[in-house]
Amino acid sequence: MSNESKKPSVYGVMMSVITHLNSPHEQKNMAGNLAAIRNSIGKSYEAATGVWPILFPLIPQEYLGNGSLSYEEQALFVTLQLYAIGQQGSNKMPNDDENKSIGSSLQKIRQQRIVDGESTASLDKRFNTMLTSLTFEEFAYHLRQVFKLGKAFNGFSVNFPALANDLFWYQKGKNKQISLKWAKDYYKPEFPKKDS
């Protein structure tokens with residue numbers, strides 16, 4: 001059995017991180033922890049010292065990179081930033097239990113705009129810009145922008161563990177497959193349910 005197959009899943013680790021952050025004994029630290037995570041946006045992982053005491057104790061030893069960020073660390077770091085953005089303010093965002101992509105989450109917004117007779121052009125453009133990014137750093141930047149648009153929409157929810165898993169595989173050379181999966185989920189029309 002390879003070392004890769006012995007590692008805990010990124011999905012499971014992200015779920016554990018969210019569970020820990022929301023545990024009763026962490027409630028008094030919750031606002032400060034989320035603020036520290038949001039303050040890390042735009043900083044390199046090495047400079048984001050406020051996140052280290054939050055994230056390092058929760059990351060499995062196998063995930064820690066030697067001198068550089070591992071794919072697992074990067075996926076968890078970016079997802080945790082999005083989670084902290086989602087929890088900011090009165091419009092706190094739930095962690096969706098369904099195993100769906102961010103494309104599915106944003107599809108609901110796109111579909112609502114179509115139903116309301118509004119243009120989807122600006123949202124489509126931002127989404128497509130994200131998917132055609134040339135680097136993971138650029139992809140993560142555009143993902144944060146699209147995520148903030150989604151957060152403003154009532155009913156927007158994200159499966160953060162699934163997102164972390166997608167970000168991990170994106171970096172492992174599956175970027176085209178992840179982008180295509182998200183695009184299919186995003187552009188898929190939502191047909192009204194027929195009466196039986």
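1. Confidence first. Among the elements of the chain, helix H1 (residues 3–6) has the lowest mean pLDDT, 59, while H9 has the highest, 96. Here pLDDT is the predictor's confidence in each residue, from 0 to 100, and helices are DSSP runs of H or I with at least four residues, numbered from the N terminus. The chain averages 86, and 89% of the residues score at least 70.

2. Ground rules. This is a predicted model, in which local features need pLDDT of at least 70 and side-chain atom pairs count only at pLDDT 80 or more, though totals for chains, interfaces and linings use all residues. Residues are numbered from 1 along each chain as its sequence is written, and side-chain values use heavy atoms, with hydrogens and water left out.

3. The core. The largest nonpolar core has 51 residues, and Ile102, Leu167 and Trp182 have the most contacts inside it. Such a core is a set of buried Ala, Val, Leu, Ile, Met, Phe, Trp, Tyr and Cys residues joined through side-chain atoms within 4.5 Å. Elements giving it two or more residues include H2 (10–21), H5 (71–86), H6 (102–115) and H8 (136–151). Helix H9 supplies the largest share, 10 residues.

4. Ile102. Leaving aside residues up to four places away in sequence, Ile102 touches Leu143, Phe147, Phe156, Val158, Leu163 and Trp182. Contact means heavy atoms within 4.5 Å.

5. Aromatics. There are 12 aromatic pairs in the structure. Rings of Phe, Tyr and Trp (its six-membered ring) pair if their centres lie within 6.5 Å; planes under 30 degrees apart are stacked, over 60 edge-to-face, and the rest tilted. Phe168 and Trp169 pair edge-to-face, at 5.0 Å centre to centre and 70° between the planes. Tyr186 and Tyr187 do likewise, at 4.7 Å and 85°. Ring pairs also link Tyr83, Phe147, Phe156 and Phe160 into a cluster.

6. Who is buried in those two pairs? Phe168 counts as buried at 5% relative accessibility, whereas Trp169 is partly exposed at 35%. Tyr186 is buried at 0%, and Tyr187 is partly exposed at 33%. The cut-offs: buried is under 20% relative accessible area, exposed over 50%, partly exposed in between (1.4 Å probe, protein chains only).

7. One to click on: Arg110, found in helix H6. Arg110 counts as buried because its relative accessible area is 15%. Not counting residues up to four places away in sequence, Arg110 touches Thr120, Leu123, Asp124, Tyr186 and Tyr187.
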